[in-house]
Amino acid sequence: MEIREVFAANLKSFRQAKGLSQEELAHAANLDRTYISSLERCIYAASIDVVDRIATVLEVDASRLLQKPSTGARQ
């Protein structure tokens, strides 16, 4: 899984867990709703500043948005 896919999946998951629509998240982070949608669909890559703004709104550490899901297997 590429980092953009990881970010997209985590973004959507944290947004939904927080009960926010794409529009609500975009407004709170001072971004466009279509940009949030594009991030969740891996169309665009977010800058580190955007990752930080989104993490702040979602009340999570920015690193959690980039954390790959645990597969349970060790390599």
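Colleague: What makes you say that Leu58 touches Arg15 and Leu65?

Modeller: Contact means heavy atoms within 4.5 Å. Not counting residues up to four places away in sequence, Leu58 touches Leu11, Phe14, Arg15, Lys18, Leu20, Leu25 and Leu65. Mind you, this is a predicted model, where local features need pLDDT of at least 70, side-chain atom pairs count only at pLDDT 80 or more, and totals for chains, interfaces and linings use all residues. Numbering runs from 1 along each chain as its sequence is written, and side-chain values use heavy atoms, leaving out hydrogens and water.

Colleague: What makes the pairing of Arg15 and Glu40 a polar contact?

Modeller: The term covers a pair of N or O atoms within 3.5 Å; within protein, one must be able to donate a hydrogen and the other to accept it, and residues adjacent in sequence count only if both atoms are side-chain atoms. The side chains of Arg15 and Glu40 are joined at 2.6 Å. A polar atom of the Arg15 side chain also lies 2.9 Å from the backbone oxygen of Leu20.

Colleague: How do you know where the buried residues of helix 4 sit around the axis?

Modeller: Helix 4 (residues 48-58) has Val50, Val51, Ile54, Ala55, Val57 and Leu58 as its buried residues. They cover an arc of only 160 degrees around the axis, so they are on the same side of helix 4. On the other side, Ile48, Asp49 and Thr56 are exposed.

Technical notes
Buried < 20%, exposed > 50% of the residue type's maximum accessible area, 1.4 Å probe, protein only. Helix = DSSP H or I, 4+ residues; strand = E, 2+ residues; numbered from the N terminus. Arc of directions from axis to C-beta.
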